[in-house]
Structure formats: C-alpha cells, structure tokens
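Here is a short tour of a protein model, written for someone who likes the cut-offs spelled out. Take a look at the sequence and structure, then read on.

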Amino acid sequence: MRALFVGGTVDNSELDFDGGQPPLHYPPDTGSGAQRYRLHHVGLREGAPVYAVYAAPELADTEVERVAEERGYARRFQAQPQLNV
C-alpha cells in the first residue's frame, strides 16, 4: 500500500506501507502524543486498500479532497476513494 501526504512538511511525499490496514495517524506513535498527519481517505481496488491519503491536521477536508483530485490519486491507482469515518 502507498501512503500519500497532503500538506505539512512532507507535502506530496509518498512511502510504502506493509500490512492490510493503514494506521489512523502517521507516524502512528510520535512519543509526544501529537500526531502530525491524520488518515483522510483510503483508495480501494476490489475491496483491498491500495493507497492511503494522510493530511496535515490544519487542512480542511475540502482542501484535501481538492488536492487528491488534482493529483489524480484514484485514477493513478485505479481505485475508489473511501473517506475515513
């Protein structure tokens, strides 16, 4: 699975994740209790997650959705985005 970042210091960065489900925050444990990125949505292909979009906490959902659409994440991974609820 590919983690994609919107906003913050690592905007437009990517990294690979092992495992079936992405963590709700990245990094999962900062030691300080403050999470730098929150899981915004997951891209699913045939029911399996293929990418996860993480957003800086100060970004509005509409801005994250706009950037993800502009960058073409769903098209790139041939997946359907599902909001993290």
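## Contacts and fold

Of the contacts in the protein chain with a separation of 6 or more, 52% join residues 24 or more positions apart; contact here means heavy atoms within 4.5 Å. The model is a predicted one, where local features need pLDDT of at least 70 and side-chain atom pairs count only at pLDDT 80 or more, while totals for chains, interfaces and linings use all residues. Residues are numbered from 1 along each chain as its sequence is written, and side-chain values use heavy atoms, leaving out hydrogens and water.

The protein chain has 2 helices and 6 strands, as DSSP runs numbered from the N terminus (helices H or I, at least four residues; strands E, at least two). Along the sequence they follow the order β-β-β-β-β-α-α-β.

## The cores

A nonpolar core is a set of buried Ala, Val, Leu, Ile, Met, Phe, Trp, Tyr and Cys residues joined through side-chain atoms within 4.5 Å; buried means under 20% relative accessible area, with a 1.4 Å probe and protein chains only. The largest one has 12 residues, among them Leu4, Val50, Val64 and Phe77. Two or more residues each come from β1 (2-6), β5 (48-55), α1 (61-71) and α2 (73-77), and β5 gives the largest share, 4 residues.

Beyond its neighbours within four places in sequence, alanine 55 touches Val6, Arg36, Tyr37, Arg38, His40 and Val64. A second, separate core holds 10 residues, including Phe17, Val42, Ala52 and Ala56.

Conventions: Buried means under 20% relative accessible area, exposed over 50%, partly exposed in between (1.4 Å probe, protein chains only).
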